[in-house]
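Here are some notes for a colleague who will be looking at this entry. Please read them with the structure open alongside.

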Amino acid sequence: MSQSDATLRIELQFSGGMELLFDNQKTIHAKVPASFPLDGSAENRHAATIRDLISWTASNLLKERPELFIGADGSVRSGILVLVNGADWELEGELEYELEDRDEIVFISTLHGG
Amino acid sequence: MPGATDTKPTKPLKNPCNLCQSVRAILKRPKTGQQLCKECFFHVFETEIHNTIVDNKLFNKGDRVAIGASGGKDSTVLAYVMKLLNDRYSYELDLVLLSIDEGITGYRDDSLETVKRNRDQYQIPLLIVSYKDLYGWSMDDIVKEIGRKNNCTFCGVFRRQALDRGAIMLNVDHIVTGHNADDIAETVLMNILRGDLPRLQRCTSIITNDTSEDSSGIETSKILRSKPFKYTYEKEIVMYAYFKKLDYFSTECIYSPNAYRGHARIFLKDLEAVRRTAIVDIIHSGEALSASVQANESTKLPTMANCTRCGYISSNELCKACLLLEGLNKGLPQLGIGHTTKIRRMHEAANLASGLSSPASLSSAVADGSAGEKVKVVTHIKDLGQLETMPTLASV
């Protein structure tokens, strides 16, 4: 397999109302490209990060209202919590975290009433 | 999710917990930046709420306390934590769940199912009171009548009263609600943007009732209300619910997807992203402004009497809920919206036009009778019998 075809198995989870934007799916097992940008030549590519995952998820999996998922600077909208393998992404490098095969990424919306 | 992290080869401990040093941290605290493992986070989260309760003397032993429960994240975590702390620290509180059914199909009916599961999971009795029973109108009915504009005004006014009426039915001393630090900061912002100083004063208080000095002119009861999550960040509440796998409901109200609060909320989150302490800073600003409002004699507000129609506490002859209902029942829903003085004038004009006598004499009698009483002035249990007749004004 060439580098451009390589994928990572990533388990995406959506909760706290986030799942409503993904056709009510709480879990999606995704095959995410291992490097980005997708249209870049082999030398120009870098290992996939959460930043890449967010835009890839928005273009490939998101069903509705992207403005409720995507925020400024390629991040998620403020108020969405992200966990990487069970830990707060703020401890894992946030957008710059490099994805690994079989990672589990959770998106939780806090924007719904209590 | 099951075991995904466990199956990975063990790496040297990265991000150790700042407290126990021996377990991987799973949360960075928004308040302090501290990184904590799951168990230390649970301990710190619960203990801080306990300290808030003790430091502010929210309860007395033996109090009967209703937990305002919507099925959402905040009230679900509140019910869980109240039960846990009550057992752990022997508060000896008699806890009950109180839910309001606004009558919003596809939203509240689903969230009430969550509350019913919470009732069974936490073994706390539950009372549900509905707008339809209390007022003769569900929110679905109201939206059909008035459309989607302004319907939140009705819902907000009705909910506040409905909670009090439910609390009276349950004979409780105290209602706790799940308002968290983020909610309070949003409310401070909204009240500043609207120039609503009386509400600004109220929203920052951890515990409120009308015997307190800030007689703010807002219709409410003598039942204490408090916010044990005043200093608890939303992020931690959501993380707590996630790690404890608590069962909560999370769908936006179908009638208010773009309410004013939503903008305040996004603004606040954006501020917080730039300045970590934005939320506490804004709560502090609210408190400081309240203090200066309180010091200013010219902002003294009217004293409390009772609504001449339903007996609920009110600074006017008719409480806001009865005014709104009158509008609905007369097919003039705008009666309840906008500037209050103007509306009340319209209401009086409408009454004159339809030959109804002004209830002024009645109201002064009620006000005189209740002025010196120390009892819960609001609706007494006997008033609940009138609820059935209240919404359908016979004279209309």
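1. Which residue in β4(B) is the bridge partner of Gly68(B)? In this predicted model, the partner of Gly68(B) is Leu98(B). The two strands concerned, β3 (residues 64–68) and β4 (residues 94–101) of chain B, run parallel and are joined by 5 bridges.

2. Helix α3 (residues 108–122) of chain B packs on the sheet, where it touches β4 and β5 of chain B, and its direction makes about 165 degrees with that of β4(B). Helix α6 (residues 151–170) of chain B also packs on the sheet, touching β3, β4, β5, β6 (174–176) and β8 (224–226) of chain B, with its direction at about 140 degrees to that of β4(B).

3. The sheet itself is open and consists of 6 strands of chain B in the order β5-β4-β3-β6-β8-β7, with mixed pairing. Its edges are β5 (126–130) and β7 (207–208) of chain B, each of which pairs on one side only.

4. Helices α8 (residues 197–204) and α11 (residues 278–295) of chain B pack with their axes 9 Å apart and at an angle of about 125 degrees, which means that α8(B) is oblique to α11(B). Their crossing is left-handed, and the contact of α8(B) with α11(B) comprises 5 nonpolar, 5 polar and 1 charged residues. Among the residues that meet there are Leu197(B) and Leu200(B) from α8(B), and Ile283(B), Leu289(B) and Val293(B) from α11(B).

5. An unreviewed UniProt entry annotates residues 306–335 of chain B as "domain: Cytoplasmic tRNA 2-thiolation protein 1 C-terminal". Over residues 306–335 of chain B, the chain is 33% helix and 10% strand, and the end C-alpha atoms lie 20 Å apart.

Definitions and conventions:
Residues are numbered from 1 along each chain as its sequence is written. Chains are lettered from A and ligands numbered from 1 in the order in which they are written. This is a predicted model: local features need pLDDT of at least 70, side-chain atom pairs count only at pLDDT 80 or more; totals for chains, interfaces and linings use all residues. Side-chain values use heavy atoms; hydrogens and water are left out. Axes are lines fitted to C-alpha atoms, for helices over the stretch in contact, and angles run from 0 to 180 degrees between N-to-C directions. Helices (H or I, at least four residues) and strands (E, at least two) are DSSP runs, numbered from the N terminus. Angles under 35 degrees count as roughly parallel, over 145 as roughly antiparallel, 65 to 115 as roughly perpendicular and the rest as oblique. A crossing is left-handed if the near helix is turned anticlockwise from the far one by less than a right angle, and right-handed if clockwise. Contact means heavy atoms within 4.5 Å. Ala, Val, Leu, Ile, Met, Phe, Trp, Tyr, Cys and Pro count as nonpolar, Asp, Glu, Lys and Arg as charged, and the others, Gly among them, as polar. UniProt positions are given in the numbering used here, feature names are shortened, and annotations may be inferred rather than shown by experiment. Two strands pair if DSSP finds at least two bridges between them.
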